[in-house]
Amino acid sequence: MTQRLCFAAQPAVTVTIQDSDARFPVHRIFCVGRNYHAHAAEMGVTVDKATTQPFYFNKHPSTIAESGSDIAYPPETSNYHFEMELVVALRAGGFGVSKAEAIDLVYGYAAGLDMTRRDLQQRAKDHAHPWDLGKDFEQAAIISPLVIKPEGAPLLQQGAIALSVNQSVKQSSNLSLMIWSVAELISDLSRYYRLLPGDLIYTGTPEGVGPVLPGDSLKGHIEGVGQVVANITAPAA
Ligand code: MN
């Protein structure tokens, strides 16, 4: 028996899968804070892997916007930034997963943009407040179609990652420069959360982040994964 709802529930959030008529149902979105030394440096911090652990923040699944979407310039910011990232999509759950087991959880990958209201994030840092206003807002998790990891293929450990604004290259790096690998991130996250199918992990951005304005066109690419595009439009009414 279906329960009567007092109003219509918001629709489930799903993502396109390349070469498939199925769609990927999104459960949670985890984002890694600092996972490339050069990006940490441009944010004014250094990361010593020997003495620190990765840290995370979350975006609500409703913040997903698919590649090709018009992205409205968000409210209450004047420093709206792109962060080009590899996204890992989980097909299976796990808790206390070892690095060796992590591969069994991976469904595939996407090219993603962790859009950020940098001024609000900085204000939060200055006041030791949470980052939510800087990170978790409508259309802040842009994502390409998912590419399924072939059975038996190892986890991605290298490949060019790049982002252009209006055809001018702003970010250009390699996945091999990630401080914590995909396997290490899954293993570490699974200490804190019982990971589930549908979870997405935005794995952090390389250096070169910067602002965009209405009218700008973003195009990101990850070797072996694909392309994410977004057009920034005027603020929504
Ligand atoms: Mn990021």
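This is a predicted model: local features need pLDDT of at least 70, side-chain atom pairs count only at pLDDT 80 or more; totals for chains, interfaces and linings use all residues.
Trainee: Let us begin with the metal. Which residues coordinate the manganese ion?

Mentor: A metal site is read from its donor atoms, and water is not among the atoms here, so a site may look incomplete. In this model the manganese ion is coordinated by E83 (OE), E85 (OE) and D114 (OD), at 2.0 to 2.1 Å. Along the chain, these donors follow the spacing E-x1-E-x28-D. E85 lies in strand 8 (residues 84-90) and D114 in strand 9 (residues 106-114), so the pair ties together parts that are 29 residues apart in sequence.

Trainee: Are E85 and D114 buried or exposed?

Mentor: Both E85 and D114 are buried. For E83 the relative accessibility is 4%, so E83 counts as buried.

Trainee: Which residues line the largest cavity?

Mentor: The lining is made up of G33, R34, H39, M43, F55, E83, R118, Q121, K125, W131 and K135. By type, these residues divide into 3 nonpolar, 3 polar and 5 charged. Helix 2 (residues 118-126) gives the most to the lining, with 3 residues. The manganese donor E83 is also one of the lining residues.

Trainee: Now salt bridges. How many does the structure hold?

Mentor: A salt bridge is read from the distance between a side-chain nitrogen of Lys or Arg and a carboxyl oxygen of Asp or Glu, with a cut-off of 4 Å. The structure holds 8 salt bridges. One of them joins E66 and R23, whose closest N and O atoms are 2.9 Å apart. E66 lies in strand 5 (residues 64-66) and R23 in strand 2 (residues 23-25), so the pair ties together parts that are 43 residues apart in sequence. E66 is partly exposed, with a relative accessible area of 22%, and R23 is partly exposed at 41%.

Trainee: What does E83 meet in a salt bridge?

Mentor: The side chain of E83 meets that of K135, at 3.2 Å from N to O. E83 lies in the loop between strand 7 (80-82) and strand 8, and K135 in helix 3 (residues 132-135), so the pair ties together parts that are 52 residues apart in sequence. K135 is buried, with a relative accessible area of 2%. Beyond this pair, K59, E83, D114, R118 and K135 are linked in a network of salt bridges.

Trainee: Where do D188 and R191 lie?

Mentor: Both lie in helix 4 (residues 182-192), 3 residues apart, about one turn of the helix. D188 counts as buried at 10% relative accessibility, whereas R191 is partly exposed at 48%.

Trainee: Last, the core. How many residues has the largest nonpolar core?

Mentor: A nonpolar core is read as a set of buried nonpolar residues joined through side-chain atoms. The largest one has 48 residues, and those with the most contacts inside it are V88, L113, M115, I186 and L218. The elements that give two or more residues to this core include strand 3 (29-32), strand 13 (160-165), strand 17 (217-222) and strand 18 (226-233). Helix 4 gives the largest share, 5 residues.

Terms used: Residues are numbered from 1 along each chain as its sequence is written. Side-chain values use heavy atoms; hydrogens and water are left out. Donors are N, O and S atoms within 2.8 Å of the metal (3.2 Å for Na, K and Ca); water is not among the atoms, so sites may look incomplete. Helices (H or I, at least four residues) and strands (E, at least two) are DSSP runs, numbered from the N terminus. Buried means under 20% relative accessible area, exposed over 50%, partly exposed in between (1.4 Å probe, protein chains only). On a 1 Å grid over the protein atoms alone, a cavity is a set of points where a 1.4 Å probe fits but cannot get out, and a pocket is an open set with protein on both sides within 12 Å along at least five of seven lines; lining residues have an atom within 4 Å of a point. Ala, Val, Leu, Ile, Met, Phe, Trp, Tyr, Cys and Pro count as nonpolar, Asp, Glu, Lys and Arg as charged, and the others, Gly among them, as polar. A nonpolar core is a set of buried Ala, Val, Leu, Ile, Met, Phe, Trp, Tyr and Cys residues joined through side-chain atoms within 4.5 Å.
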